[in-house]
Amino acid sequence: MVYALGDSALTIQLGAGIAPDTHERVMAFAARLRQNMRPEWEELVFAYNSVTLFYNVRKVRVVYPECTAFDTVKRQVEALLDGLEAFTPPEPDLIRLPVLYDGPDLEALSTAKGISPEDLIALHANRPYRVYFLGFLPGFAYMGEVDERLFAPRKKTPVPTRAGSVGIAGRQTGIYPWDSPGGWQIVGRTPALLYDERRAPLPTLLRPGDQVVFYPCTQDEFDSYQSGAV
Amino acid sequence: MSLTVIKAGLFDSVQDLGRRGYRALGIGPGGCMDVFSASIANYMLGNPAEAAVLECHFPTAILRFETPVAFALAGADFSPTLNGRIVPMYRRLWADAGSTLAFAGRRSGARVYLAIAEGFQVPLWSGGRGTHLLAGRGGLEGRLLRQGDVLPYNNAPKTTDSSGPTANPDWGDPFGEAIAFVRGQEWGQLTPEAQAALTSVTFGVQRASRMGYALEGPFLEWHIEQELISTAVDFGTLQLLPSGQLMVLMADHQTTGGFPRVGHVISAHRSKLAQLGQQDHVRWVETDLSTAEYLWVRQQRCLDRMRWGVGLTTAL
């Protein structure tokens, strides 16, 4: 399904909800779009089950004046949806991140879930999470899904949250790249830099489609961690 | 070769037209709330539209030009004065060394743009010179201006004095004061009564920030549907909050959101919306994509004419 997002963008929805196979289609389609970018197309945004394309209305209409820019871009995008099943997305990167599991919400969440903090850590760490998309803040990666025994509601009121905080909300887990107000349940902190403008080719550590595995680390390992030496 | 902040304003920051190509990393475009006015201010000086400007709210900072330079003002009318004397907006102006720019009172609008010859010289961050306040990056050290701040600019040669032509910001908006929107994907979640209310009632701006305007109006009812998962949003997206009230996303919107998108302000009206502030009112009118695109192109063509000097009115 393709629909307008205002007058300068359109969204291509590739599935109904949050699911790995829907996301595979999103990644495949994104790769196909990137290979076929037109000068009138400005940028892409990913979400769980959709890709949104922002385009330059004026440039599109100069080249295709006979209908709305939306109709033109919709037609071009739908043509790229054909044969998507046969299109193989690139292999994801596997990224291991150390976590010092001493977050302010670890105890409360363990109690609420009726398990010990050690069990919570064992359920959160050492399993691969898919990066669905980046949003909310530069470099903030929405990852999933956590073990169903860890599903946690968001906090009703956001609280100050430190950069590097690793949290759980709903079925998702994520890392706050910056100090910011946050509503996720914080179970630990990572010393890894989620956003670093010196990093090339992109400043973000994580990308949609990546697989992330957390592993518990000690305070000493946290302190001596050199970002980039994963 | 710099501007000194003698006294800080309420909410002043360095902005530009926004950063492109970083939404997928969670970095929204940001940039000026009123791109139209900022572009005009730049064009008055022969700058490219994307040169860095100062976006100021009222009460505004008091600024001192340390060296002679050309500058221009566009957007809200806060009664600008140079060395205590009222100066016109929408015109290339000249400041001698030591001149002080101040703003005596708010007459209309919410944001004024100060452009300077060749733009303010702040470093690029992620493809733009605008201030990303949430991340604390970009612009001048990623924050609002403070007393004592120094904003660098180039020593551009004096090519004219302050008697140049005045730009006319009237681009032929057919909607008067109303703000036009196109339907969002979740428009159908509103009941028919709520849809009718949205386009007939005047909404109050309860809270106006760079991230979004919280509107105040009648409770808008919706059909109970399955939970919306996060999808992309944009500057001008009208979100329906669980409180039945509307939030209009503005320049510093996040790249994705989880609330129903009942509409999107047309691009040509973002600037008009950006000149509304707290306690102002919004009247919504629905339009279609074809009209929205047509008006955007018309607004762009108006800017082109200003850039190339056609359509300027002569100063008295």
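**Entry 1: Tyr90(B).** I started with a tyrosine in chain B. Is Tyr90(B) buried or exposed? Its relative accessible area is 14%, and since buried means under 20%, Tyr90(B) counts as buried. I found Tyr90(B) in the loop between β7 (85-86) and β8 (93-95) of chain B. Its phi is positive, about 60°, although Tyr90(B) is not a glycine. A reminder to myself that this is a predicted model.

**Entry 2: Glu118(B).** I then looked up another positive phi. Glu118(B) has one near 70°, and this residue is not a glycine either. Glu118(B) is in the loop between β10 and β11 (150-152) of chain B. With a relative accessible area of 45%, Glu118(B) is partly exposed.

**Entry 3: Leu114(B).** Next I went to strand β10 (residues 108-116) of chain B, where Leu114(B) is found. Its relative accessibility is 2%, so I log Leu114(B) as buried. What does Leu114(B) touch, not counting residues up to four places away in sequence? I listed Leu3(B), Val53(B), Leu54(B), Leu63(B), Phe71(B), Ala72(B), Leu73(B), Leu101(B) and Phe120(B).

**Entry 4: the cores.** I wanted to see how the nonpolar residues group. In soluble globular proteins, nonpolar side chains tend to be buried together. Here the largest nonpolar core has 135 residues. Those with the most contacts inside this core are Phe29(A) and Val77(A) from chain A, along with Leu54(B), Phe65(B), Leu198(B), Leu246(B) and Trp284(B) from chain B. Leaving aside neighbours within four places in sequence, Leu198(B) is in contact with Phe181(B), Trp187(B), Leu190(B), Phe203(B), Leu220(B), Leu238(B), Leu246(B), Val262(B) and Trp284(B). Another core, of 30 residues, lies apart from the largest one, and its members include Leu97(A), Ala141(A), Ile175(A) and Val187(A).

**Entry 5: chain A overall.** Chain A has six helices and 13 strands, and its C-alpha atoms fill a box of roughly 65 × 35 × 35 Å along the principal axes. Of its 230 residues, 57% count as buried. The accessible surface is about 10100 Å², with 52% of that belonging to carbon and sulfur atoms. I counted charges too: chain A carries 23 positive and 28 negative side chains, and the centres of the two sets lie 5 Å apart. Among contacts between residues at least 6 apart in sequence, 62% join residues at least 24 apart.

**Entry 6: helix α4(A).** Which residues of α4(A) (residues 106-113) are buried? They are Leu106(A), Leu109(A) and Ser110(A). Viewed down the axis of α4(A), these buried residues fall within an arc of 100°, so they line one face of the helix. On the other side, I noted Glu107(A), Ala108(A), Thr111(A) and Ala112(A) as exposed. The buried residues of α4(A) pack against α5 (117-124), β9 (165-169) and β12 (185-189) of chain A. Just after α4(A), Gly114(A) takes a positive phi of about 70°.

**Entry 7: helix α5(A).** I repeated the look-up here. Pro117(A), Leu120(A), Ile121(A), Leu123(A) and His124(A) are the buried residues of α5(A). Their arc, seen down the axis of α5(A), is within 165°, so they too line one face of the helix. The face turned away carries the exposed residues Glu118(A) and Ala122(A). Cover for the buried residues of α5(A) includes α4, β6 (129-134), β9, β10 (172-175), β12 and β13 (211-216) of chain A. After α5(A) comes Asn126(A), with a positive phi near 55°.

Entry 8: Arg130(A), in strand β6 of chain A, counts as buried at 11% relative accessibility. Among its contacts beyond four places in sequence are Glu24(A), Asp210(A) and Gly144(A). Gly144(A) is joined to Glu145(A) by a cis peptide bond, omega about -15°. I also found a cis bond from Ala200(A) to Pro201(A), with omega near 0°; Pro201(A) is in the loop between β12 and β13 of chain A.

Conventions. Residues numbered from 1 in each chain as written. Chains lettered and ligands numbered in written order. Predicted model: local features only at pLDDT ≥ 70, side-chain atom pairs only at ≥ 80, totals over all residues. Heavy atoms only, no water. Buried < 20%, exposed > 50% of the residue type's maximum accessible area, 1.4 Å probe, protein only. Helix = DSSP H or I, 4+ residues; strand = E, 2+ residues; numbered from the N terminus. Arc of directions from axis to C-beta. Contact = heavy atoms within 4.5 Å. Areas by Shrake-Rupley, 256 points an atom, 1.4 Å probe, with all protein chains shown as cover. Lys, Arg positive; Asp, Glu negative; His and termini not counted. Charge placed at Lys NZ, Arg CZ, Asp CG, Glu CD. Core = buried A, V, L, I, M, F, W, Y, C linked by side-chain atoms within 4.5 Å.
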